Amino acid sequence: MKKAEDFSEWYNEIVEKANLTDKRYPIKGMNVWTPYGWKIMQAIDSHIRQEFDSTNHQEVCFPLLIPEDQFAKEKEHIKGFDSEVFWVTHAGLNPLDVKLLLRPTSETAMYPMFSIWVRSHADLPLKTYQIVNTFRYETKQTRAFIRVREIHFFESHTCHADLEDAERQVKEDYEIMARLSKKLCIPYKLLKRTDWDKFPGAFYTVGIDTLLPSGKSLQLGSIHQYKDNFSKPYDIKYEDQDGQHKHVHQTTYGMSERLVGAVVALHGDDKGLVLPPDIATMQVVIIPVLAKGAVEEVTEEARALHAELKDAGVRVHIDERDLRPGAKYYDWELKGVPLRLELGLRDMEKQQVTFVRRDSGDKSLHPRARLVEEVKKTLSDIAEDMFDLARKDMEANTVTAETLDNLPSKLIRTGWCGGEDCGHEIEARSNKHILGTPIDGERFEGVCVICGKPTDKPVYLADAM
RNA sequence: GGGGUAGUGGUCUAGCUUGGUAUGAUCCGUGGUUCGGGACCACGUGACCGUCGGUUCAAAUCCGACCUACCCCA
């Protein structure tokens, strides 16, 4: 399992060995979530729920099936998706008059209902989200968590009185992403997609991109400003204070289990997974080191540690399996548990506990009496160091280029005037994908690599995953 | 979208050229000795060889299609 030598093979192996997923389900791109993987996914789900709930979004759950005529209302949208939808054409033995499709995303399921729900300005803003499965018939090579045909999808959908309020929503989404990235210890860039690469039907799209160790970019999610592009075909209108009927402005924010893929890919190492403490199913594992004649004594004390940490709100597990300690170390390292506590006679005599950090491998001794605070401190250090390391990796793999020749497999920053012709030329010559221009006002002084016109905005390019 | 490789107990694998229902390891189960970095001994369970079809007295083995996985190139 060498991450540096063959990232792709390493990733496949680790996903399987750490027991996150079972790829043997006989439909392409549809994997089974195994218990350990699902727990991690649910931990991420709960962070996302918490974020949306605390920003006054309401959780909803729409049907999986969408009638063909609803799907077809927005021209750009259907053009972007109709080559990758799964169709339901029969009910039992009878062909359906109106075919049904499995949602590839939920605009066309939700918006007909929104047009009924929204009556007055008092109904706005309408902020909803759901965590559901969506289906896309991916033609490219599938890969666990990263490119799948059944997607575990988070999508927020909002309606606003005007563009200004919708823009405020987009900013709030940026803040949500910033908080999430801290918990996942994943750095990212917010990049405004080119017009030819935006979400089908959107006014504009902001991609949330991170960088894999292989040098390829990975889109973690996206935030879309729809303006009134959907509210017109779906007739979502409200009556304002003056009695006028106006179309709402809408936004969406979508993410998926790719977040799990990114956690695996960015933090994992040759020994296995490395989970950020905030999403680790078990934050701490206790390994009693038993010796002949002291089995009960050590076991009892290990259980006391377990109880103490559990009471303090730490997600802790005690491994009492009949295995050699070494075998347990390897096992928990593979599973990515952030902190391992070892307790043997030697420790007990000295009133101490041995800590071993998963991220750095550092071993240290801590007084038994201060167990809880030392554990909490160590977990927060781990999270901070993991985020830091990932951020530095991303920075180190970002290069500013003045020509498009011999570009490395990294995140490339260069100048672009913003013109469409020059953009296409950049992609053709660099053989990379334009991710977009940063929305955070990043400073840049240079010229467009194609036409030479001065520009103050950089553009980022990468090989897309 | 184009090209390539592969599919044998839960996992990995031998056998395929030269057709005769399958090798070894690991995991798992039971009992025992062990336990500060992957323990050992003994016994035991488990596959008709991806699916469908064809050739044949006989197919894991030869042929075809499909499914799935992985790799490479637009």
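User: Which of the 29 residues around RNA strand B come nearest?

Analyst: Ser8, Arg24, Leu290, Lys292 and Asp347 come nearest among the 29. Near means that a heavy atom of the residue lies within 4 Å of the strand. This is a predicted model, where local features need pLDDT of at least 70 and side-chain atom pairs pLDDT 80 or more, while totals for chains, interfaces and linings use all residues. Residues are numbered from 1 along each chain as written, chains are lettered from A and ligands numbered from 1 in written order, and side-chain values use heavy atoms, without hydrogens and water.

User: What makes the pair between Glu333 and a base nitrogen of RNA strand B a polar contact?

Analyst: A polar contact here is a pair of N or O atoms within 3.5 Å. A side-chain N or O atom of Glu333 is 2.8 Å from that base nitrogen. The pair therefore qualifies. An N or O atom in the backbone of Lys28 is 3.4 Å from a phosphate oxygen of RNA strand B. For Leu323, a backbone N or O atom lies 3.4 Å from a base oxygen. Helix 1 (7-17), helix 9 (325-335), strand 17 (339-343) and helix 10 (345-349) each give two or more residues to this surface. Helices are DSSP runs of H or I with at least four residues, strands runs of E with at least two, numbered from the N terminus.

User: Which element gives the largest share of the surface near RNA strand B?

Analyst: Helix 9 does, with six residues. By class, the surface holds nine nonpolar, nine polar and 11 charged residues. Asp, Glu, Lys and Arg count as charged; Ala, Val, Leu, Ile, Met, Phe, Trp, Tyr, Cys and Pro as nonpolar; the others as polar. On the RNA side, sugar or phosphate supplies 52% of the atoms within 4 Å of the protein, and bases supply the rest.

User: Why is Glu5 called exposed?

Analyst: Exposed means over 50% relative accessible area, buried means under 20%, and partly exposed is in between (1.4 Å probe, protein chains only). Glu5 has 66%, so Glu5 is exposed. Glu5 sits in the segment before helix 1. Its C-alpha is 35 Å from that of Lys376, 371 residues away along the chain.

User: Why does Ala294 count as buried?

Analyst: Its relative accessible area is 3%, so Ala294 is buried. Ala294 is in the loop between strand 15 (284-288) and helix 8 (295-311).

User: What makes helix 7 mostly covered?

Analyst: In helix 7 (residues 258-267), 10 of 10 residues are buried. Among them are Arg258, Gly261 and His267.

User: Which residues are closest to the centre of the second largest pocket?

Analyst: The second largest pocket holds about 420 Å³. Leu266, His267, Leu389, Ala390 and Asp393 are closest to its centre, out of 20 lining residues. Helix 7 and helix 11 (371-396) each supply at least two lining residues. Helix 11 gives the most, eight. The lining divides into 10 nonpolar, three polar and seven charged residues.

User: What makes a space a cavity and not a pocket?

Analyst: On a 1 Å grid over the protein atoms alone, a 1.4 Å probe fits in a cavity but cannot get out; a pocket is open, with protein on both sides within 12 Å along at least five of seven lines, and lining residues have an atom within 4 Å of a point. By this rule there is one cavity of 30 Å³ or more. The largest cavity has about 60 Å³. Its lining includes Val285, Trp332, Glu333 and Arg358. Helix 9 gives the most to this lining, with three residues. Seven lining residues are nonpolar, none polar and four charged.

How values were computed
A polar contact is a pair of N or O atoms within 3.5 Å; within protein, one must be able to donate a hydrogen and the other to accept it, and residues adjacent in sequence count only if both atoms are side-chain atoms. Grid points are joined across faces, edges and corners, and a volume is the space filled by probe spheres set on the points.
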